[in-house]
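Student: I would like to go through this model and ask what each label rests on.
Tutor: Then let us look at it together.

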Amino acid sequence: MAKKAKACKKCRFIYEEGEKCPKCGSQSFTENWKGKIEIVNPENSEIAKELKLVEKGIYTIKSD
Ligand SMILES: [Zn+2]
């Protein structure tokens, strides 16, 4: 049904279209990722700090 989204190996951003990350431009991605999190308020999010995320968006928690 839905095709598997890609997760950027560099910044963890999840995207479906294209061959490179729209966030950081890296062409290194994996389709083998687990769990995602939406960061809406990176300044006040502990998990965003832990994952070193500074922009809002949908990211994976764990990728290989
Ligand atoms: Zn990226």
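Tutor: Start with burial: a residue is buried if 20 or more other C-beta atoms lie within 10 Å of its own, and exposed if 12 or fewer do. This is a predicted model, and buried residues make up 17% of the 64 residues in its protein chain.

Student: Why is R12 called buried?
Tutor: R12 has 24 other C-beta atoms within 10 Å. The cut-off is 20 or more, so R12 counts as buried. R12 is found in the loop between β1 and β2, and its phi is positive, about 75 degrees, although R12 is not a glycine.

Student: What makes K52 exposed?
Tutor: K52 has 9 C-beta neighbours inside 10 Å. Exposed means 12 or fewer, so K52 counts as exposed. K52 sits in the loop between α1 (46-50) and β5 (57-63). K52 is not a glycine either, yet has a positive phi of about 60 degrees.

Student: What makes a set of residues a nonpolar core?
Tutor: The members must be buried, come from a list of nonpolar residue types that includes Cys and Tyr, and be joined through C-beta atoms within 7 Å. The largest such core here has 8 residues: A7, C8, F13, I14, C21, F29, W33 and Y59. In soluble globular proteins, nonpolar side chains tend to be buried together.

Student: Which residues does C8 touch, leaving out those up to four places away in sequence?
Tutor: C8 touches F13, C21, K23, C24, S26 and F29. A contact requires C-beta atoms within 7 Å.

Student: How do you know that β1 and β2 are paired?
Tutor: Pairing takes at least two bridges. Strand β1 (residues 6-8) and β2 have 2 bridges, in the antiparallel sense, so they pair. The bridge partner of A7 in β2 is I14.

Student: What makes β2 and β3 edge strands?
Tutor: The open sheet has 3 strands in the order β2-β1-β3, with antiparallel pairing. β2 (14-15) and β3 (29-30) each have a single partner strand, so one side of each is left without a neighbour in the sheet.

Student: What is the overall pattern of the protein chain along the sequence?
Tutor: The pattern reads β-β-β-β-α-β, from 1 helix and 5 strands.

Student: Why is the protein chain called as compact as a globular protein of that length?
Tutor: The radius of gyration is 11 Å, close to the 11 Å that the globule rule gives for 64 residues, so the label applies. The C-alpha atoms fill a box of roughly 35 × 25 × 20 Å along the principal axes.

Conventions
Residues are numbered from 1 along each chain as its sequence is written. This is a predicted model: local features need pLDDT of at least 70, side-chain atom pairs count only at pLDDT 80 or more; totals for chains, interfaces and linings use all residues. Helices (H or I, at least four residues) and strands (E, at least two) are DSSP runs, numbered from the N terminus. The radius of gyration is taken over C-alpha atoms; the globule rule is 2.2 Å times the number of residues to the power 0.38. Two residues are in contact if their C-beta atoms, placed from the backbone, lie within 7 Å.
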